[in-house]
Amino acid sequence: MAGNTAQATQQPVKHFNLVRCVAVCLLTLIVLVGLAVLITWLVIRPKRLVYTLENGSLQHFNLNNKHINATFDFVLMAYNPNTKTSVYYDSMESVVSYKDQTLAFDTIDPFHQPHRDTARVESKLVAQNLALSPSTYKDLRGEKSSGEIEVDVHYKSRVRFKVGMWKSKHRTLKIVCPSVKLHFSWSRHFENVPCEVEL
């Protein structure tokens, strides 16, 4: 009887020791992963990517019977300030909108941007006989008579980051260039627009 009682007492103790060992191992693993991430961050020191819309032009602009025809040309300057991180833009598209109505879109060829590099991203967006809402048509006619229109330019890209041999998973990069003024007169100079980034 005494032997059976001792054996029964030892079983919960062994179970408790096993649970404590697993918990300690998990905690140690979490701490090590956290330290690895912190050390990697301190070494890489990632900086935000910088985007500026440096040029924009409008051609073949025509409003007729609540429809629009126009060609929009934009040049986006993408600056990667990081010293150890390069960027893969695996897909990219651009959209020009006027007061929440999409006017035109374009797809941009994939490209790779090395560290501490500035890339010139050109896009041509064509609106061809696009139907407009009555309010948008009215507002565009009013702005045309003033000599310029104000649009928003959006970019969306699937990107990966590379540090050494390591590549990250795909992430969605969104770039918004707000309140872009396009002039109907070639004599008026385009003003650079800093863009907002969401990653």
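Student: What should I know before I look at it?
Tutor: Residues are numbered from 1 along each chain as its sequence is written, and side-chain values use heavy atoms, with hydrogens and water left out. The model is predicted, so local features need pLDDT of at least 70 and side-chain atom pairs count only at pLDDT 80 or more, while totals for chains, interfaces and linings use all residues.

Student: OK, how many salt bridges does the structure hold?
Tutor: Five. A salt bridge here is a side-chain nitrogen of Lys or Arg within 4 Å of a carboxyl oxygen of Asp or Glu.

Student: Which residue does D139 meet in a salt bridge?
Tutor: D139 meets K99, at 3.2 Å from N to O. D139 is in helix α2 (residues 134-146), and K99 is in the loop between β3 (86-98) and β4 (101-108), 40 residues apart. Helices (H or I, at least four residues) and strands (E, at least two) are DSSP runs, numbered from the N terminus.

Student: Is K99 buried or exposed?
Tutor: K99 is exposed, at 52% relative accessibility. D139 is partly exposed, at 29%. Buried means under 20% relative accessible area, exposed over 50%, and partly exposed in between (1.4 Å probe, protein chains only).

Student: And what does E148 pair with?
Tutor: The side chain of E148 forms a salt bridge with R188, 3.4 Å from N to O. E148 lies in strand β7 (residues 148-163) and R188 in the loop between β9 (171-183) and β10 (193-194), so this pair ties together parts 40 residues apart in sequence. E148 is buried, with a relative accessible area of 18%, whereas R188 is partly exposed at 42%.

Student: Switching to strands. How many residues of β2 are buried?
Tutor: Eleven of the 14 residues in strand β2 (residues 67-80), so the strand is mostly covered.

Student: Which strands pair with β2?
Tutor: Strand β1 (residues 50-64) pairs with β2 in the antiparallel sense over twelve bridges. Strand β6 (residues 117-131) also pairs with β2 in the antiparallel sense, over 13 bridges. Two strands pair if DSSP finds at least two bridges between them.

Student: Where can I see that, residue by residue?
Tutor: N64 stands opposite H67 in β2. On the β6 side, D73 has K124 as its bridge partner. The hairpin of β1 and β2 has two residues between the strands, and N65 there takes a positive phi near 55°.

Student: Now rings. How many aromatic pairs are there?
Tutor: Three. Rings of Phe, Tyr and Trp (its six-membered ring) pair if their centres lie within 6.5 Å; planes under 30 degrees apart count as stacked, over 60 as edge-to-face and the rest as tilted.

Student: Is the pair of F61 and F184 edge-to-face or stacked?
Tutor: Edge-to-face, because the planes are at 70°, with the centres 5.1 Å apart. F61 lies in strand β1 and F184 in the loop between β9 and β10, 123 residues apart in sequence. F61 is buried at 12% relative accessible area, and F184 is partly exposed at 28%.

Student: What about Y89 and F111?
Tutor: Their ring centres are 4.3 Å apart and their planes at 15°, so that pair is stacked. Y89 lies in strand β3 and F111 in strand β5 (residues 111-113).

Student: Last one: which charged residues sit over Y88?
Tutor: R160 lies over the face of Y88, 5.1 Å from the ring centre. The charged end of K167 sits over the ring of Y88 too, 4.6 Å from its centre. The rule asks for NZ of Lys or CZ of Arg within 6 Å of the ring centre and within 35 degrees of the ring normal.
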